[in-house]
Amino acid sequence: MKNIISNINKAFDHRIRLGIMSILMVNEFADFKTLKELLGATDGNVASHTKALEKQHYIKVEKSFIDRKPNTRYLVTDTGRKAFQEHLGALEKLLNTKNEIQ
Amino acid sequence: MENEKYLKDLTEIRNMMSQSSRFISLSGLSGVFAGIYAIAGALVAAKILSYEPSVYTNSQSYIATTNTDLVTQLVMVAAAVLVLAIGTAIVLTTRKAKMQGKKIWDSTSRRLLLNFFAPLLAGGIFCLVLLQYQIIGLIAPAMLIFYGLALIHASKYTFSDLKSLGYANVILGLIATQFIGYGIVFWALGFGIFHIVYGVWMYNKYDRKAA
């Protein structure tokens, strides 16, 4: 049981972070506006959570200019992909064991 | 308590994954309309051709007609069906997106359109080439095959159900190559009946609940 819980990643223990990772897992990249709209979150909210994930090296940030406007793209890193998959596996296992106990 | 939180997490993950990568406002009802237009178009085309029976009913039909007037009329009918079908799809899909509180023009719909129209455009040009060499009999099968491929390709970016419609049209198109001279019948079946069946199925599965 301990083993399972240790795989639950605290870095993903928030709705917005979970959302950011989910979006980036299935898309090549996503820009700030897309993330904001999909998650229904505020600028500051998205910014702080992306920063937290970036610090863990789970996502990468690419800044560029499109039509002279700054554009920020977020991409998931290999580390992030692996960590998120482990997190998902842990969630799944946890739910399965709990269901068995019930 | 904990359990519920994790279940909610999983639901959120699934939601975000599909919402961010698939355009799910595509209206099923627009498929039904596309089918009706296609059948109407096929009837008009059959009527036009009935004035010139040698074109399609003749087994030599793939060595086409030189009657450019006739060809122009048929192309016009096909174009009208296409414009009507796409127009209706845009109107109904916009309405559905609005009801769902989703955007009609975002990265998912852009991706869907691009991936749908790329194979379709290639097919359209190929059909014009067939027309150029007057290989009229293969135009209907080619339209079905390319349309099917476009659907299979696009299905990754919207409801995966679209894939079945795609395969059905490709197979029908390939069968149609062996029955040259019955192009209109296959055309009506693929673009008409298949669309209506698919549209009703999609409407029942997704739209009716939402409405």
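This is a predicted model: local features need pLDDT of at least 70, side-chain atom pairs count only at pLDDT 80 or more; totals for chains, interfaces and linings use all residues.
## Chain A at a glance

Let's start with the overall layout of chain A. Five helices and three strands make up its secondary structure, and along the sequence they come in the order α-α-β-α-α-β-β-α. Chain A has 102 residues, and 39% of them count as buried.

## Salt bridges within helices

Across all chains, the count of salt bridges comes to nine. As a reminder, side chains of opposite charge can pair when their charged atoms come close. Lys82(A) counts as exposed, at 55% relative accessibility, while Glu86(A) is partly exposed at 40%.

Lys5(B) and Asp9(B) form a salt bridge, with 3.0 Å between the closest N and O atoms. Both belong to helix H1 of chain B, and because they are four residues apart there, about one helical turn separates them. Asp9(B) has a relative accessibility of 10%, so it counts as buried under the 20% cut-off. Lys5(B), with a relative accessible area of 32%, is partly exposed.

Another salt bridge in chain B joins the side chains of Lys205(B) and Asp161(B), at 2.9 Å from N to O. Lys205(B) lies in helix H7 (residues 183–210), whereas Asp161(B) lies in the loop between helix H5 (139–154) and helix H6 (162–176), so the pair ties together parts of chain B that are 44 residues apart in sequence. Asp161(B) is buried, with a relative accessible area of 11%. Lys205(B) is partly exposed, at 34%.

## The second largest pocket

Next comes a pocket with residues from both chains. The second largest pocket has a volume of about 980 Å³, and 33 residues line it. Nearest its centre lie Asp31(A) and Thr34(A) from chain A, along with Asp106(B), Ser107(B) and Arg110(B) from chain B.

Several elements each supply at least two residues of this lining: in chain A, strand S1 (30–31), helix H3 (32–39) and strand S3 (69–76); in chain B, helix H1 (2–21) and helix H4 (107–132). Sorted by class, the lining holds 12 charged, 11 polar and 10 nonpolar residues.

## A nonpolar patch on chain B

Helix H3 (68–99) and H4 of chain B each contribute at least two residues to the patch. The largest share, three residues, comes from H3(B).

Trp105(B) is found in the loop between H3 and H4 of chain B. Its relative accessible area is 51%, so Trp105(B) passes the 50% cut-off and counts as exposed.

Technical notes
Residues are numbered from 1 along each chain as its sequence is written. Chains are lettered from A and ligands numbered from 1 in the order in which they are written. Side-chain values use heavy atoms; hydrogens and water are left out. On a 1 Å grid over the protein atoms alone, a cavity is a set of points where a 1.4 Å probe fits but cannot get out, and a pocket is an open set with protein on both sides within 12 Å along at least five of seven lines; lining residues have an atom within 4 Å of a point. Grid points are joined across faces, edges and corners, and a volume is the space filled by probe spheres set on the points. Ala, Val, Leu, Ile, Met, Phe, Trp, Tyr, Cys and Pro count as nonpolar, Asp, Glu, Lys and Arg as charged, and the others, Gly among them, as polar. Buried means under 20% relative accessible area, exposed over 50%, partly exposed in between (1.4 Å probe, protein chains only). A salt bridge is a side-chain nitrogen of Lys or Arg within 4 Å of a carboxyl oxygen of Asp or Glu.
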